[in-house]
Amino acid sequence: MKIALLGTGFGQAHAAVYATRADVEVTVFGRRPEALRPLADRYGFATTTDLDSVFADPAVELIDVCLPTGLHPDTVLRALDAGKHVLTELPLATDMALAKRVTDAARAGDRQVFVDMYDRFLPANQLLFDAVASGRYGRLRHLAVDLATALLWPGVDIGPEQIALDMMHGDIDVIVQTLGAPATLDITATASGPATAVVDAILGYPDATARCCACSLMPMPYGARGGYRATFTDAVLTATFTHGFDGKPTTTVSTCTADGEETTQLPDADPYAAMIDHVLACLRGRATNRIAPDSVLNALAVTLDIDAVVNPHSAG
């Protein structure tokens, strides 16, 4: 399968996954030859600075959009118009009208669209989803999700302008996947200059509560650490993880019931590889799309509401 990877920033994470596969052929688009050269040298990928040629190439089946966030919806729509399947980095869009436009276009056509909700593929999150779906521990009454990180990626800030969409969106999606869209939303935000910030969001439900906290104030040796505590009527499920620049977490999960506590060290996971495995399996008819645009709208709406509070001038 021929894939066109658009973008040389976060596209590097996707490129590293494609490089491990013998069943794909990749061309990388970038605006600057000097940014493309390391990808060509490291992985042997073809590169181009001609975006029009990517959409016109009849051999390209999947376009992987890792461009700046503001370009996501228009690029997805252009790819669909060109008859391509599309994988887009999150967030799908920066406003709900554009997100719904992309969702409607995906529903209307025969091409598949995927949003990189890679957190759904983390083993710890899948344990949580399974616990909620099966009801084995009773009802979920409280879910606290936390992520604290240093600025691990050179040149990438996680300040007030970025923290909701770039850092919290995946965790909000975990909450919405388990509890649904909230009835109420309360947000506290603190900026520490343009590059770092802290946001605490409380999501209210008729019979449950959730909390999502994101903090980008950590020193570099801290890396990134986080997890969740899910309080059910009959058990507490706790996951803690740490990871560095590669985004591959080491995770411990504990289950505490009236009978005692069990702790499990999960195998190291690569959520980007798992997500791309899923995309390719769907395109080959072996799986059903779990990250389609319509599945992310509720989480995106909550994330955009948080962003509007954190950045009131931008929202206005």
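Me: Let's start with P91. Where is it?
Reply: This is a predicted model. P91 sits in the loop between strand 5 and helix 5 (96-108).

Me: And what is the peptide bond from L90 to P91, cis or trans?
Reply: That bond is cis, with omega near -5°. In general, most peptide bonds are trans.

Me: Back to strand 5, then. Which residues does strand 5 cover, and is V86 in there buried or exposed?
Reply: Strand 5 is residues 85-88, and V86 lies in it. V86 is buried, with a relative accessible area of 0%.

Me: What is V86 in contact with, leaving aside its neighbours within four places in sequence?
Reply: One group is L62, I63 and V65, another is V76, A79 and L80, and then there are Q112, V113 and F114.

Me: How far is V86 from R111, in sequence and in space?
Reply: They're 25 residues apart in sequence, and their C-alpha atoms are 7.8 Å apart in space.

Me: Changing topic: what are the domains?
Reply: The domain assignment gives domain 1 as 2-116 and domain 2 as 119-269 + 301-310. Their C-alpha centres lie 27 Å apart.

Me: How many residues of each are in contact?
Reply: Seven residues of domain 1 are in contact with five residues of domain 2.

Me: What about its charge, where's the nearest opposite one?
Reply: D119 is buried yet has no salt bridge. R120 is the nearest side chain of opposite charge, and it is 8.6 Å away. A salt bridge here would need a side-chain nitrogen of Lys or Arg within 4 Å of a carboxyl oxygen.

Me: What does D119 touch, then?
Reply: Not counting residues up to four places away in sequence, D119 touches N125, G170, D171 and V174.

Me: N125 is in helix 6, so which residues of helix 6 are buried?
Reply: The buried ones are A124, N125, L128, F129 and A131. Seen down the axis of helix 6, they fall within an arc of 160°, so they line one face of the helix.

Me: What span should helix 6 have?
Reply: Its 12 residues, at 1.5 Å a residue, should span 16 Å, and the end C-alpha atoms are 16 Å apart, which agrees.

Methods. Residues numbered from 1 in each chain as written. Predicted model: local features only at pLDDT ≥ 70, side-chain atom pairs only at ≥ 80, totals over all residues. Heavy atoms only, no water. Buried < 20%, exposed > 50% of the residue type's maximum accessible area, 1.4 Å probe, protein only. Lys, Arg positive; Asp, Glu negative; His and termini not counted. Contact = heavy atoms within 4.5 Å. Helix = DSSP H or I, 4+ residues; strand = E, 2+ residues; numbered from the N terminus. Expected span 1.5 Å × (residues − 1). Arc of directions from axis to C-beta. Domains from an automatic or database assignment.
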